[in-house]
Amino acid sequence: MEVILVKSRVVIFLGPHGTGTSSSVPNISCLTREKPCNTCWSTFNPLGKKNIRRNTGALFRLSPGGPVVVVDAGKTFLTSALEWFPKYGLRTIAAVVLTHAHADAINGLDDLRGWTLRGAIQSHIDVYLSNDTFQEVKRSFPYLVAKEYATGGGDVPVFRYHFFQDGIPFDIDDLFTMTPIAVHHGRYFTQSQDNSATLPTPPYTPTHSRPEPVITPYISYGFIIDAPSVDSSVVYISDVSNIPESTWTNLLRPRPSNPLPRSTPAPLTDCLRIEPHSSHFGLSEAVEAARRMAPERTYLIGFSDELTHAEWSVIGEAIEQGVIGSHVLCDSFIASRLATPSAEVKPWQALDGGIRPEEVKRGLKIVKPGNGVWLRPAFDGMRVIVRNGTVASADE
């Protein structure tokens, strides 16, 4: 997805190079079943292209032809770059910004050698990350931190690391100001978070009474993205199960130059599936976050293969129009969106994956009553234009 903010001839391009979960879509376990799901099967037809969901990540660019800021470089980053960089005229990377240290955010870092090897495109890439993420990169890929750990031919990418802290803005050249916002992305399953390479030894306690373990949330980072001469901010939160109140304070805080609450016309937020999940927003949490931010539009990212793009779109339209809590309204609305209202779409009947009324109803049933909010699924390579606080998609 590409979002474009425009004011005073300033243009921000933002778009996901991926909108899928860590396993990506299509999913191998699904495709090798006797009957794959609607979503995965449809990816083999051009009409189902919006159901291809690589590891979630984003691209930002100021003005056509300028350098790009990459958010996360996961397992599918290079595949995405090979598709979207030539298509949208992208080449030089101004910076890579990492949200957290899971494989779907950092395992594509080595592929960035294509930009820096013997100065092919640029001499180095600036990488912005938290200290915790840096320690995990160093543990997992020591040669990406110190070249003396390289083997073979010694061809490795050239990085310059910069550390950020929660709530403290940092500038990427004269392109963007990014404010990191800490969110919870599931939890740790050990009591120690020292990034040790050894496996933990289960504690032995000879008594029957053992203190309850302390649950420590795993921290990922979203970002508030601002640019020169642009009044509106873009909020990007890719991996989140809970937004702490301290982070909400940052999200809704007005800027010093503007006494009004921050304008957020186009947040992008996590939504793995309909039901809640231990490390991701489900639909209800994503809707509540969108209502609290009160944007003009909200785009969902980070999907599994549970629903097709068309099904997410119908759910989003229904939420926008307040079609929740009434079976009659839901049935009528869904019927109006189906080519053959009385027929459920089964696998292989729709080249784009189709719309299953029962799945749409299941999604709408879980959403709490409240204000209508514009909500739609993003898709890989999508482009959105934000102009003076208004939002329009170049691909809808």
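How many disulfides does this structure hold? The count comes to 0 disulfides, where a disulfide is a pair of cysteine sulfur atoms within 2.5 Å. Take Cys30: its nearest cysteine sulfur belongs to Cys37 and is 3.4 Å away, and Cys30 is in no disulfide. Cys30 is also buried, at 1% relative accessibility; buried means under 20% relative accessible area, exposed over 50%, and partly exposed in between, with a 1.4 Å probe and protein chains only. Cys330 counts as buried too, at 8%.

A quick word on what we are looking at. This is a predicted model, in which local features need pLDDT of at least 70 and side-chain atom pairs count only at pLDDT 80 or more, while totals for chains, interfaces and linings use all residues. Residues are numbered from 1 along each chain as its sequence is written, and side-chain values use heavy atoms, with hydrogens and water left out.

Now the overall picture. The protein has 396 residues, and 53% of them are buried. Its secondary structure comes to 11 helices and 16 strands; these are DSSP runs numbered from the N terminus, helices being H or I with at least four residues and strands E with at least two. Of the contacts with a separation of 6 or more, 75% are between residues 24 or more positions apart. Contact here means heavy atoms within 4.5 Å.

Let's go inside. The largest nonpolar core has 39 residues. By nonpolar core I mean a set of buried Ala, Val, Leu, Ile, Met, Phe, Trp, Tyr and Cys residues joined through side-chain atoms within 4.5 Å. Ile243, Leu283, Trp312 and Ile319 have the most contacts inside this core. The elements that give two or more residues to it include strand S9 (176-187), strand S11 (234-237), helix H7 (245-252) and helix H8 (283-293). If you click on Ile243, you will find it touching Val183, Ile237, Trp248, Leu251, Phe281 and Ala289, not counting residues up to four places away in sequence. There is also a second, separate core of 30 residues, and Phe60, Met178, Ala227 and Ile301 are among its members. As a general point, nonpolar side chains in soluble globular proteins tend to be buried together.

On to charges. Which residue forms a salt bridge with Glu311? The partner is Arg356, with the closest N and O atoms 2.7 Å apart. A salt bridge here is a side-chain nitrogen of Lys or Arg within 4 Å of a carboxyl oxygen of Asp or Glu, and the structure holds 14 of them. Glu311 sits in helix H9 (residues 309-320) and Arg356 in the loop between helix H10 (327-337) and helix H11 (357-366), 45 residues apart. Glu311 is buried at 0% relative accessibility, and Arg356 is buried at 15%.

Thr308 is buried at 0% relative accessibility. Leaving aside neighbours within four places in sequence, Thr308 is in contact with Asn38, Thr39, Asn51, Arg53, Asp352, Gly353 and Gly354.

Last stop, the region around Arg118. Arg118 forms a salt bridge with Asp155, the closest N and O atoms being 3.8 Å apart. Arg118 lies in the loop between helix H5 (113-116) and strand S6 (125-129), and Asp155 in the loop between helix H6 (131-140) and strand S7 (159-163), so the pair ties together parts that are 37 residues apart in sequence. Arg118 is exposed at 69%, whereas Asp155 is partly exposed at 32%.

In H5 we find Thr116, which is buried at 4% relative accessibility. The C-alpha atoms of Thr116 and Pro157 are separated by 5.7 Å, although these residues are 41 residues apart along the chain.

Do S6 and S7 run parallel or antiparallel? They run parallel and are joined by 5 bridges; strands count as paired if DSSP finds at least two bridges between them. Tyr128 stands opposite His162 in S7.
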